[in-house]
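The sequence and structure come first.

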Amino acid sequence: MQCPKCHAPMHTYNRNGVQIEQCSGCRGIFLDYGELESLTRLEAQWSQGAPPPPPAPQAYPAHPAPAWGAPHGGHGHHGHHRHKSFGHMLFSS
Amino acid sequence: MTATLLLQDLTARARATAHARSPACPCGAATLADRPDGTVVRHADTVAKAHPPDTDSTELTSRLTVAASHPGILLAPLVPTPVDLHGRLVTFWPYGAPVDPEAPDAAPWEAAAALLARLHRTPAPRALPAMRGPAKAARAVARLREAGPHPAAAPVRRAWGTLPAWARAGAPMPDTTTMCHGDLHLGQLVRHPAPEGPWLLIDVDDLGVGVPAWDLARPAAWYACGLLPPDDWGRFLAAYREAGGPAVPADGDPWPVLDVPARALTVQTAARAVVKAAAAGRPLDEVERSVVDACDRMAAVPPHS
C-alpha cells in the first residue's frame with residue numbers, strides 16, 4: 001500500500017504478532033483496526049510491576065528523509081561510534 | 001614535466017611568497033595534499049595550490065575574484081590572478097586552520113550552513129561560470145565506467161540513469177543566477193587567521209552559478225544514507241534556514257528540493273567508492289556499501305522532476 005501522507009510505499013512489519021505498516025519515506029506507521037489495542041495490551045503486560053516506561057519515540061521523526069534513504073530513518077547502524085571510513089568521506093569530494 | 005619537478009617548484013614558490021610576507025619566517029614546509037589532479041603545499045603561513053591540468057584560466061580568475069571580494073564568506077587569495085608553473089595554474093593563499101579530521105564530531109555545522117546561506121544570497125557577478133557539481137558527478141560516473149565491470153557498478157549506474165539531465169551535466173541547471181560553492185565537505189572550511197579566527201569557505205575550483213540545494217546535498221545524502229546522525233543534519237539545516245538561505249523553503253519538508261542533488265551526490269560518492277575499492281582489490285566497507293545500497297533503492301523510487 002501507499003502512504004496516505006507522502007505516497008511512498010509502505011512495508012509490513014510484525015511486532016510481537018501485531019502487523020504494522022511503516023512508510024519507507026516519512027517513517028509514519030499505519031495500524032489496522034484493533035492493532036493499537038493489541039499493542040497497548042502487550043505494553044501493559046510488559047510493564048506490569050516495572051517502573052513507568054519512558055515516553056514512546058515519535059512515530060513521525062523530527063527530520064524527514066527521502067524514500068530511498070536507509071531503513072530505520074537515517075539513524076544508521078553506526079551508533080555513536082563514527083566509522084573511520086565515514087570520517088574520511090566527510091572530508092573528500 | 002614530472003610531478004616531482006612541479007612539487008619542487010611549487011614548494012619553492014610557496015617559500016618565496018611566504019618570505020615576501022614575513023622575512024623572519026621560522027621555515028618548515030609541508031605538503032598538504034598531493035593528488036594527480038591538484039597539489040597543495042604549505043610554507044609557514046602561506047599555501048600554494050597547483051590546480052588540475054585542465055583548469056581554464058579565465059574561469060579560475062573569475063572565481064578568484066569572487067573569493068577576493070567576499071572576505072567574510074570565502075578565504076581571500078594572496079594574489080588576485082593565477083600564475084603559470086610548468087603549464088599548471090598556481091594560486092597563493094594564507095594558511096587557515098582546518099576542521100580536525102580526527103574530530104569530525106566537532107564539525108562546525110552551523111558555521112558552514114551560515115556561510116552557505118550568505119554565499120547563496122550574494123548576487124553573482126556577471127560572467128561567473130556554472131557551478132561544477134553536476135560535472136564532477138558525471139566525471140565520477142565516467143571513471144566508474146572506465147574501471148570495468150564490478151558487481152556494485154550496476155546499481156550505481158541505474159540510479160544515475162534516473163536523474164534529470166541537468167543533474168548529470170547534460171543540460172543547463174534550472175537555476176543560473178544563484179552563487180554556489182559546488183563542492184561542500186568538511187575539508188572546505190578553515191579558520192582564518194588560524195587557529196581562532198572565523199570559519200571561512202575555501203576551494204573555489206567548482207564555485208559558480210547553479211542550484212544552491214547542491215551545496216546542502218552532501219550532508220543531506222549522508223543523513224539519508226544513515227551515516228550522518230539526524231541531530232547533525234538537523235543543526236545544519238536549521239542554521240541554514242535561520243540565516244535566510246534560499247535553497248530550501250523556510251519550513252516544512254526540504255526533500256522535494258534536496259532529492260535530486262542528494263541522489264546525484266550519493267551516486268558520485270558510491271562511484272568513487274567502487275573505483276577506489278576495485279583499484280585496491282578490496283571489498284566495499286560498511287560505509288561504502290551503505291551508499292551503494294542507497295543507489296540500489298533509488299531505482300525503485302525515481303525522482304519526481
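Chain A of this predicted model holds two helices and three strands. Along the sequence these elements follow the pattern β-β-β-α-α. Of the 93 residues in chain A, 22% are buried. Among chain A contacts between residues at least 6 apart in sequence, 23% link residues at least 24 apart.

Chain A touches chain B through 25 of its own residues, which meet 30 residues of chain B. On the chain A side, the touching residues comprise 13 nonpolar, 11 polar and one charged.

One point where chain A meets chain B is helix H9 of chain B, residues 286–298. H2 (84–89) of chain A is among the elements that cover the buried residues of H9(B). H9(B) has 13 residues and spans 19 Å from its first C-alpha to its last, close to the 18 Å expected at 1.5 Å a residue. Most of H9(B) is covered, with 10 of its 13 residues buried. The buried set consists of Val287(B), Glu288(B), Ser290(B), Val291(B), Val292(B), Asp293(B), Ala294(B), Cys295(B), Arg297(B) and Met298(B).

Elsewhere in chain B, helix H3 (residues 109–121) and helix H7 (residues 230–242) have axes that come within 8 Å and cross at roughly 35°. The crossing of H3(B) and H7(B) is right-handed. H3(B) contributes Trp109(B), Glu110(B), Ala112(B), Ala113(B), Ala114(B), Leu116(B) and Ala117(B) to the contact, while H7(B) contributes Asp232(B), Arg235(B), Phe236(B), Ala239(B) and Tyr240(B). By class, the residues of the H3(B)–H7(B) contact are nine nonpolar and three charged, with no polar ones.

Chain B also contains an open sheet of three strands in the order E6-E8-E9, with antiparallel pairing. Strand E6 (97–98) and strand E9 (199–201) of chain B each have a single partner strand and stand at the edges, so one side of each lacks a neighbour in the sheet. Strand E8 (residues 189–191) of chain B is joined to E9(B) by three bridges, and the two run antiparallel. Within this pairing, which residue of E9(B) does Val190(B) stand opposite? The residue facing Val190(B) is Leu200(B).

How values were computed: Residues numbered from 1 in each chain as written. Chains lettered and ligands numbered in written order. Predicted model: local features only at pLDDT ≥ 70, side-chain atom pairs only at ≥ 80, totals over all residues. Contact = placed C-beta atoms within 7 Å. Nonpolar A, V, L, I, M, F, W, Y, C, P; charged D, E, K, R; others polar. Axes fitted to C-alpha atoms, helices over the stretch in contact; angles between N-to-C directions. Helix = DSSP H or I, 4+ residues; strand = E, 2+ residues; numbered from the N terminus. Left-handed = near helix turned anticlockwise from the far one by under 90°. Pairing = 2+ DSSP bridges. Buried ≥ 20, exposed ≤ 12 C-beta atoms within 10 Å, placed from the backbone. Expected span 1.5 Å × (residues − 1).
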